[in-house]
Amino acid sequence: MRGPWRAALALALHIGFFAGSIGLIAGLLLMAGMTFRRDTVGGMKVAFAALVVGAILVIGLRAVLRNRVRPRGVPVDRVSQPNLWRTIDQLVDATDSPLPDEIRITSEPGVTVREETALLGLRTRTRYLEIGLPVLAALTTSELGASLAHAVGRLTGRSRLTVTAHRVLAGVQRTIDGLTAGPVKWIFAGYARLFTAIAVTTTKELVLAGDAAAVRVAGKRTAVMALRKTTAIELGWQDYTAEYLSLAATIGHAPDVLLGFRSFMDHPTRKPALAERAKQAIAEESGELPVRARIDLMKRLKAADKEADERPAFAILRKPRNAVPELEDRLLVDSLGPRMPWPEVARQAGATQSAEKAAQLSAAAHQCGLGVDPTIQGVLAAIHRGHGRDLINPVLNPGLHPSEIDRTAEDTLTELLGCTVIDALICAHRAHHELDWGGPLGVRLANGRPLDPDRLVRPAVADPRLIPGLHRVLVDLGVPLHHTREPAEEPEPVLAGIVSPVQCSGEAYDLLVTDRGLLLLPSDASAAKRLLAGTLARLREAEEEQLSELASSPVSDLQQRTGAQWVDSRDVASARLDQEKTGWSLDLDLYLDEYAMSTLDDLRVASGSKDGVSVLTLHSTADGVEHGDPYHGLAELMGARMEPDEPALSLD
């Protein structure tokens, strides 16, 4: 079954979902009334049953219907951005699409329409057109027009039935993702699978309708180029965020996000590399309607090419020199300080990161137990004596596979020693970091010569016999060999995710997975409360708020709570994850001697088969919920120490 008939069947099913619930209640009440005429007591029993069933259905429907789309980003009105709204008006007229209620600028690398609906999509309340700041930075004006035409063109489709069915499909999928464990989710999940199987083709139809609209409005060549560049923008935004926006977060200053991303995307090294990665991603994409298939279909459409406007997309904004910084300030987190140019961001962030790495090397020298002088000269002497591996061991991941330890130790020692050398030169005003949109931050000496710390340090780290030569080079560069930093404090654990609850020694705990260890907090969630959380919206929201509060709290503060149990990663000898009928179990072999960093009650652990090893066992629960990505965090934390049972819960 294809076309509008499939959409009509999906909508009939969805309307029947609500009509059936109302009909069931009405039928029971009617049955109660008829029974009451003949048998008063029997009629009262049927009426009571009708009220109970009706209350359950109303509570369940309320839980299903409370899932809402919340606006994202920053709204722009017609007064502040008349050119943008005028462009949207023209696109809406050209595609015969409904006008968005709001236009919002977001930090997402794309253009999309999100709709706040009633009755899981049967009626639209508010329609948001979201334009990503990365798109404004990297596309041309014509390419932005093609992306906007695609977004609004999907609101029309081939028929109104198809559009409505797809809107309902989005609402159903959003609702099932938002429901926690409980009877409502179990029942609604079955309906969601059936509805999705019928309405899934609507997605393909609307995507193709949007592509056709983009071709009609912007021309075939521009529409295809915009689609290809969108893939490159998504890849580039990930790299830009990790490599450059993180620098601004390091020093707490707001950079020029849009202009920086445009410089990043246009760099002669980045641009062809991203284009090649995007080409490969498009070629490897799978699914019912991959980008390469969409491009082939767009090329077959009959449409004349139109003159392209090669101006940057942000030129569509009114007074972009003022509007862009204002939008960025409203999008960025409040904790960032005053705006700072990118070159100065790079200089200060590079200096801060080098100082942090120098402090880590100093901490390793203090913790390694070799009596190493934490200065550069002391570290060089330790490496020359062949103690480099032992020196750096305290900062290595305990979960490393044995085959990776030597390579990782060399890489880590090279990085920390190289950064310490740079930190010494910066403190002596002999070097500084400089911005490079084509790669990592560069280091330039006071005389203008570039310096590569990895190339300088690695040969001697790999071959300690070269340490005297490195010593002479550092002296010639003017590196203060007595330079050191105060040892870095124990890093604050970073939360990966939460599983709530798990069972440990017969008691319920919230399991917090961090990059430094596992934290168990006593949970007050009973099985009855957990089941009701899947039915009553208030309880579900309260549970989500509680988990969000845990996720936002410093782990060091949570460790001080009464009954908290901390399993430090450095105390874990091995771990085993077993898949069971009702979930999973995790066995941790721990070294809990006088040097242990874990804080566990003796009642929570049992003696293992090996001498000096204790065993801690955790069990999942049938009504457990997850927050974040705890299983991926667990895999990263345990590394080679994890022995998953096959077939087991995926930790990827």
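Colleague: Which residues does T222 touch, leaving out those up to four places away in sequence?

Modeller: In this predicted model, T222 touches S142, E143, A146 and A308. T222 itself lies in helix 9, residues 220-251.

Colleague: Why is T222 called buried?

Modeller: The relative accessible area of T222 is 7%. Buried means under 20%, so T222 counts as buried.

Colleague: What makes L456 buried?

Modeller: The cut-off is again under 20%, and L456 has a relative accessible area of 18%, so L456 is buried. L456 lies in helix 18. Leaving aside neighbours within four places in sequence, the contacts of L456 are V421, L451, L470, V473, L474 and L477.

Colleague: How many Å separate the C-alpha atoms of L456 and Q348?

Modeller: The separation is 22 Å, and the two residues are 108 residues apart along the chain.

Colleague: Which residues make the contact between helix 17 and helix 18?

Modeller: Helix 17 contributes E410, D411, L413, T414, L417, G418, V421 and I422. From helix 18 come P453, D454, L456, V457, R458, V461 and A462. Helix 17 passes helix 18 in a right-handed crossing.

Colleague: What makes helix 15 roughly antiparallel to helix 19?

Modeller: Helix 15 (residues 376-384) and helix 19 (residues 467-477) pack at about 165°, their axes 10 Å apart. Angles over 145 degrees count as roughly antiparallel, so helix 15 is roughly antiparallel to helix 19. The contact is made by I376, L380, I383 and H384 of helix 15 together with I467, P468, L470, H471 and L474 of helix 19. The crossing of helix 15 past helix 19 is right-handed.

Colleague: Why is the pair K357 and E415 called a salt bridge?

Modeller: The closest N and O atoms of K357 and E415 are 3.3 Å apart. The cut-off is within 4 Å, so the pair qualifies as a salt bridge. K357 sits in helix 14 (residues 342-367) and E415 in helix 17 (residues 402-427), 58 residues apart, and the pair links distant parts of the chain.

Colleague: Why are K357 and E415 called partly exposed?

Modeller: Partly exposed lies between under 20% for buried and over 50% for exposed. K357 has 23% relative accessibility, so K357 is partly exposed. E415 has 39%, so E415 is partly exposed as well.

Colleague: How do you know that D411 and R407 are separated by about one helical turn?

Modeller: D411 and R407 are four residues apart in helix 17, which means about one helical turn between them. Their side chains meet in a salt bridge at 3.7 Å, N to O. At 29% relative accessibility, D411 counts as partly exposed.

Colleague: Which residues are linked with D411 in a network of salt bridges?

Modeller: The network links D411 with R407, E410, D454 and R458. The structure holds 29 salt bridges.

Colleague: D463 forms a salt bridge with R465; what makes R465 exposed?

Modeller: R465 has 67% relative accessibility, and exposed means over 50%, so R465 counts as exposed. D463 has 22% and is partly exposed. The closest N and O atoms of D463 and R465 are 3.0 Å apart.

Colleague: How many of the 652 residues of the chain count as buried?

Modeller: The share is 45%. The chain comes to 23 helices and 18 strands.

Definitions and conventions. Residues are numbered from 1 along each chain as its sequence is written. This is a predicted model: local features need pLDDT of at least 70, side-chain atom pairs count only at pLDDT 80 or more; totals for chains, interfaces and linings use all residues. Side-chain values use heavy atoms; hydrogens and water are left out. Helices (H or I, at least four residues) and strands (E, at least two) are DSSP runs, numbered from the N terminus. Buried means under 20% relative accessible area, exposed over 50%, partly exposed in between (1.4 Å probe, protein chains only). A crossing is left-handed if the near helix is turned anticlockwise from the far one by less than a right angle, and right-handed if clockwise. Contact means heavy atoms within 4.5 Å. Axes are lines fitted to C-alpha atoms, for helices over the stretch in contact, and angles run from 0 to 180 degrees between N-to-C directions. Angles under 35 degrees count as roughly parallel, over 145 as roughly antiparallel, 65 to 115 as roughly perpendicular and the rest as oblique.
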